[in-house]
Amino acid sequence: MEETIYAVLRELAQRHDPQLVEIRPEQVIVDELGLESLDVAQLVAVLEDRLGVDPFATTAITSVRTVSDLCAAYRVALDAK
Amino acid sequence: MLIEPVELTLAHVGLGELREVPLLALFASAQAHALVAGTEHTLRDVTDAAGAKLYPGYSWLHLRVPPSRRLGQFQVWDRVEVGVDVKRFGGMVLDSTYVLGAAGELSTMTADWPLDALPSMRAMSMWIVDGAPGDPQPSSPQRGAIAELPSLSNPPDAMKRFRTMRATGSFDREPRPWSTTKPVRYQLHMGRDVARDHNLMFATYVEIMEVATEAVLRGVVWPAIPAALLEHRMLLEREVFFLSHTKGGEQVLVDVRAKLTPCAENFHGDAKDMVSAGILDIVFELYEEGTSSLLAIAHARELFLVPRKRAGLVADLARFLPSS
């Protein structure tokens, strides 16, 4: 799961910073990776397709700041599935 | 998919004919109903999992009006149908198709909607937290808040175009003979243009573009286009990318570049009582003055369609055509 999340994040973040190589758990998704609203929407859609869950129908995405928060939200959703 | 029967009332068209802004409102209202169809909710009740109110904010729209079914043919007390088909990409992005027809004209099969023969629109919108400060904050409706929508497995084409347009900031930079040398200013008044505690509604951007277009045709062009010609314009298409938000109290600055090109006299179709006199191509960039944020970029095409009994106006417009 985490590999998938990191891969999608990297792909989206590299649109804004082609030099970006590493995604770290503590990075803030919007402020540090530079994702804009449309990127966030695409992230959630692609992860729903690849992981089969959308945690944000039951957990507010506004509570997710970091990469680690994001992984935790998907972990909870997958466990509940 | 939803087909909504509507009677065009004074609230839609006044005493006259359907225009672009009320049509956009009709389309958006039909979408609002489609989004909550089968639930006990209205669109105003849609919240995310934290209880924040959400609304579908447009990122892109592309309205097209065939000259053979111009908006002016839809008039007060006409019974019409508004069709809307909404799909989702993930929980946040909506991809919509809209169409306007006469009563009984729309098929219940969306694939059969004649989008090239009727006023129609494609749009992409995103669920946004209402009233959140700063940049638009996307979120997902909480489970059960909205209707079950068919899902797209690939991003809407508009998503890629949105990124490209955001990066370029304009439809084109082509010099055009009718261009603003300084932007047209539009003061946003609370209540008149913007609801308190809300962002400027998408359709109001169109009103501002219309004001800016008239300012160019009546002010930048010299000699100015005769005022009588302005009322004989019909929209062929308008495409808008909404890049940022603004609120009441702000000033919107609009850069406009326009050109007029000739067209066939019967461009509009077979109606012999009208003459197609020229096509106006316009590009717009809208900025918020206080922050210099680029709010929206757009292009529009309009047809000068003049009643044959006012043929003198055709000659008036011909003076402005490049070949004359």
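This is a predicted model: local features need pLDDT of at least 70, side-chain atom pairs count only at pLDDT 80 or more; totals for chains, interfaces and linings use all residues.
Leaving aside neighbours within four places in sequence, which residues is Tyr205(B) in contact with? The answer is Leu200(B), Val240(B), Leu286(B) and Ala296(B), where contact means that two C-beta atoms, placed from the backbone, lie within 7 Å.

Residues are numbered from 1 along each chain as its sequence is written, while chains are lettered from A and ligands numbered from 1 in the order in which they are written. The pLDDT is the predictor's confidence in each residue, from 0 to 100; chain B averages 93, and 99% of its residues score at least 70. For the complex, the predictor gives an ipTM of 0.90 and a pTM of 0.93.

Back to Tyr205(B), which sits in helix 4 (residues 202-220) of chain B. Helices here are DSSP runs of H or I with at least four residues, strands are E runs with at least two, and both are numbered from the N terminus. Tyr205(B) is buried, as 26 other C-beta atoms lie within 10 Å. The cut-offs are 20 or more other C-beta atoms within 10 Å for buried, 12 or fewer for exposed, and partly exposed in between, with C-beta atoms placed from the backbone. Tyr205(B) and Pro223(B) are 18 residues apart in sequence, yet their C-alpha atoms are 28 Å apart in space.

Tyr205(B) also turns up in the largest nonpolar core, which has 114 residues. Such a core is a set of buried Ala, Val, Leu, Ile, Met, Phe, Trp, Tyr and Cys residues joined through C-beta atoms within 7 Å. Among the residues with the most contacts inside this core are Tyr205(B), Phe27(B), Met209(B) and, from the other chain, Leu43(A). Strand 11 (residues 294-307) of chain B gives the core its largest share, 9 residues.

Leu43(A) takes us over to chain A. Leu43(A) is one of the buried residues of helix 2 of chain A, and so are Val40(A), Val44(A) and Leu47(A). In this helix (residues 37-51), 11 of the 15 residues are buried, so the rest of the structure largely encloses it. Just past the helix, Gly52(A) takes a positive phi of about 80°.

Where the two chains touch, 23 residues come from chain B and 18 residues from chain A. The side belonging to chain B divides into 12 nonpolar, 8 polar and 3 charged residues. In that tally Ala, Val, Leu, Ile, Met, Phe, Trp, Tyr, Cys and Pro count as nonpolar, Asp, Glu, Lys and Arg as charged, and the others, Gly among them, as polar.

Now for some strands of chain B. Strand 3 (residues 79-89) and strand 4 of chain B pair in the antiparallel sense over 10 bridges; pairing asks for at least two DSSP bridges between the strands. These two strands form a hairpin with 3 residues between them, and Gly90(B) in the turn has a positive phi of about 70°. Across the pairing, Glu81(B) stands opposite Gly101(B) in strand 4. Gly101(B) counts as buried, with 21 C-beta neighbours inside 10 Å. Beyond four places in sequence, Gly101(B) touches Val80(B), Glu81(B), Leu106(B) and Leu118(B).

Strand 4 (residues 93-102) also pairs with strand 5 of chain B, antiparallel, over 7 bridges. One pair puts Thr97(B) opposite Arg122(B) in strand 5, and Val93(B) has Met126(B) as its bridge partner. Strand 5 is antiparallel to strand 2 (residues 54-64) of chain B as well, with 10 bridges joining them. There His62(B) has Arg122(B) as its partner. Why is strand 5 (residues 120-129) of chain B largely enclosed by the rest of the structure? Because 9 of its 10 residues are buried. Strand 4 is mostly covered too, with 8 of its 10 residues buried.

Key:
The expected span of a helix is 1.5 Å times one less than its number of residues.
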